[in-house]
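Visitor: Please walk me through the salt bridges here. I want each label set against its definition.

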Amino acid sequence: MNVANLQLEGLLMAVAAVNHVLVKKGVLTVEEIDIALRKAEAGETGEERSEAISASNRDAINFPIRLLELANQCQPEADMPSFSKLARMVGQMKEPYNDQM
């Protein structure tokens with residue numbers, strides 16, 4: 001596996017863990033994190049950006065956002081699933097794009 005992929009995997013799990021702590025401490029709610037992640041995803045899948053890149057590239061851009069959304073749904077009482085389990089769940093929830101290239 002590419003070292004950069006492993007670094008991104010670690011970074012995503014670190015962000016998920018920080019989000020988990022923020023919810024546990026009452027700094028943010030699960031809903032507030034979810035809204036922020038949905039806004040990030042909407043910004044990346046907006047019309048202007050969608051026309052410029054392929055569907056597979058959009059999937060790549062949205063993968064970390066969707067993984068964090070799933071990890072956020074495990075807040076705060078559940079244990080954090082592993083990266084591989086979250087990644088598999090992202091693949092299962094992927095929706096087709098309207099403008100497949």
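Guide: What follows takes the charged pairs one by one. This is a predicted model, where local features need pLDDT of at least 70, side-chain atom pairs count only at pLDDT 80 or more, and totals for chains, interfaces and linings use all residues. Residues are numbered from 1 along each chain as its sequence is written, and side-chain values use heavy atoms, with hydrogens and water left out.

Visitor: Why is the contact of Asp-34 with Arg-38 called a salt bridge?

Guide: A salt bridge is a side-chain nitrogen of Lys or Arg within 4 Å of a carboxyl oxygen of Asp or Glu. The closest N and O atoms of Asp-34 and Arg-38 are 2.8 Å apart, so the pair qualifies. By this rule, the count comes to three salt bridges.

Visitor: Where do Asp-34 and Arg-38 lie?

Guide: Both are in helix α2 (residues 30-44), four residues apart, about one turn of the helix. Helices are DSSP runs (H or I, at least four residues), numbered from the N terminus.

Visitor: What makes Asp-34 buried or exposed?

Guide: Buried means under 20% relative accessible area, exposed over 50%, partly exposed in between (1.4 Å probe, protein chains only). Asp-34 has 16%, so Asp-34 is buried.

Visitor: What joins Glu-41, Asp-59 and Arg-66 into one network?

Guide: Arg-66 also meets Asp-59 in a salt bridge, at 4.0 Å, N to O. Salt bridges that share partners join Glu-41, Asp-59 and Arg-66.

How values were computed:
Helix = DSSP H or I, 4+ residues; strand = E, 2+ residues; numbered from the N terminus.
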